[in-house]
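Please consult the sequence and model below alongside the text.

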Amino acid sequence: MNLNIACIPGDGIGPEITAEAKKVLETVCEKYGHTLTIEDVLMGGCSIDRYGVPLTQETIDVCRSKSAVLMGSIGGDAKTSPWYQLEPSKRPEAGLLGIRKALGLYANLRPAYLFHELAASCPLAAGENGDRSFDLIIVRELTGGLYFGERWTKTIDGVETAVDTLRYNENEIRRVARTAFEIAKKRRHRVTSVDKANVLDTSRLWRKVVHEVAADYPDVSLDDMLVDNCAMQLVRTPEQFDVVLTENMFGDILSDEASMITGSIGMLPSASLNESSFGLYEPSHGSAPDIAGLGIANPIATVLSGAMMLRYSFGLAKEADAVEAAVRQTLSDGYRTADLMPKDAGPAEGLVRVACSEMGSKISERVQ
Ligand code: IPM
Ligand code: MG
């Protein structure tokens, strides 16, 4: 099979972590007899530096012409980077929101599961006896809601005032709900729809439409949960969740929370899909400008995003399994980037601290 993809290395640790994901993808393609072609494009701060805007039409066109996009991360330190002197619509993040919208990537899948190899670095998720286990996936609506509503800031009667608009229509809700139910059918047949229906009109519409969709999936159970309660339940008993379906802003917040209960935000991949098999694959974490260029970033979330690409855009389940198994094996062999080292750990625990590129190589070797 020919895998023709675009790559957006982006800013901060983006170039380091995408280099490792490419390394692993190349290895897995070689092993299984596929041809991989990757074209790099600019987006985010590096695009501002080069072209004055975070996202160019050319980047959109190149991405559109491929079957999938691998992305690192975009953005810099908001306190020190000149990118943040620009008006909000010209900053790096606007590039990410722009490409999600331009490519129609309305369904954002963010799996969170506990790697038992890492349970020591996450006592919260592992439970008091270290025997707890969870495996959930957040399906976040990605091209609507507060992120894309009308917004403004102005002074009214001498008072500075800002407005963001939270808007959803039934079609936007229905299509992402279908994605969630389809995924649940292949997992443990449970959807938890998260909203704030005790306050918001958009949430009441959300609930109504999700229940209509559920009628087409008699073998999948549906529960509603208020978002504040969900934030609590994720910490209390994450194992109760299978598929968590929610709107854009709630999903942004809950997915960061879900990532932390797995031990490190450096572990979690994500896929953003449109109605076909086209997808953009990126780690759930950001550009970590504080450690950019030091070679110590954790590339695993990006490597696992590559595995999601193999699975969702190319239907290569065996290859995706091979990458995921190699990650697990690398962890159980004791290799850890800095973020995964438990405090005060030493050789006694059999753990070896490795740099970003070494982690990529260790995973590649195990794919082989
Ligand atoms: C994410 C990020 C983005 C978002 C930012 C960088 C705009 O936090 O992908 O979760 O809010 O969607
Ligand atoms: Mg976020």
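## Thr56

Thr56 counts as buried because its relative accessibility is 14%; buried means under 20% relative accessible area, exposed over 50%, and partly exposed in between, with a 1.4 Å probe and protein chains only. The residue sits in the loop between α2 (45-51) and α3 (57-64). Helices (H or I, at least four residues) and strands (E, at least two) are DSSP runs, numbered from the N terminus. When neighbours within four places in sequence are left aside, Thr56 is in contact (heavy atoms within 4.5 Å) with Ser47 and Tyr51.

## Basis of the model

The model is predicted: local features need pLDDT of at least 70 and side-chain atom pairs count only at pLDDT 80 or more, whereas totals for chains, interfaces and linings use all residues. Residues are numbered from 1 along each chain as its sequence is written, chains are lettered from A and ligands numbered from 1 in the order in which they are written, and side-chain values use heavy atoms, with hydrogens and water left out.

The residues around ligand 1 (a heavy atom within 4 Å of it) are Glu93, Arg100, Arg110, Arg140, Tyr147 and Asp252. By class, this shell holds five charged residues, one nonpolar and no polar. In this scheme Ala, Val, Leu, Ile, Met, Phe, Trp, Tyr, Cys and Pro count as nonpolar, Asp, Glu, Lys and Arg as charged, and the others, Gly among them, as polar.

An oxygen atom of ligand 1 is 2.7 Å from an N or O atom in the side chain of Arg100. A polar side-chain atom of Arg110 lies 2.8 Å from an oxygen atom of ligand 1, and for Tyr147 the corresponding distance is 2.6 Å. Taken alone, ligand 1 exposes 320 Å², of which the protein buries 76%; the areas come from the Shrake-Rupley method with a 1.4 Å probe.

The expected span is 1.5 Å times one less than the number of residues. The buried residues of α6 include Ile173, Val176, Phe181 and Ile183. The buried residues of this helix pack against β4 (107-113), β5 (135-141), β8 (190-195), α7 (201-214), β9 (221-226) and β10 (243-246).

Asn169 lies in the loop between β7 (159-164) and α6 and is partly exposed, with a relative accessible area of 37%. At the start of α6, a side-chain oxygen of Asn169 reaches to within 3.0 Å of the backbone nitrogen of Asn171. Asn169 and Thr202 are 33 residues apart in sequence and 8.3 Å apart in space, C-alpha to C-alpha.

## Helix α11

For helix α11 (residues 317-332), the 16 residues should span 22 Å at 1.5 Å a residue, and the end C-alpha atoms are 22 Å apart, which agrees. Among its buried residues are Glu319, Val323, Val327 and Leu331. The cover over the buried residues of α11 includes α1 (14-32), α10 (300-312), β13 (335-336) and α12 (356-367). Just after α11, Gly334 takes a positive phi of about 100 degrees.

Most residues other than glycine have a negative phi. Asp157, in the loop between β6 (151-156) and β7, has a positive phi near 50 degrees and counts as exposed at 78% relative accessibility. Ala288, in the loop between β12 (279-283) and α10, has a positive phi near 40 degrees and is partly exposed, with a relative accessible area of 24%.

Technical notes. A polar contact is a pair of N or O atoms within 3.5 Å; within protein, one must be able to donate a hydrogen and the other to accept it, and residues adjacent in sequence count only if both atoms are side-chain atoms.
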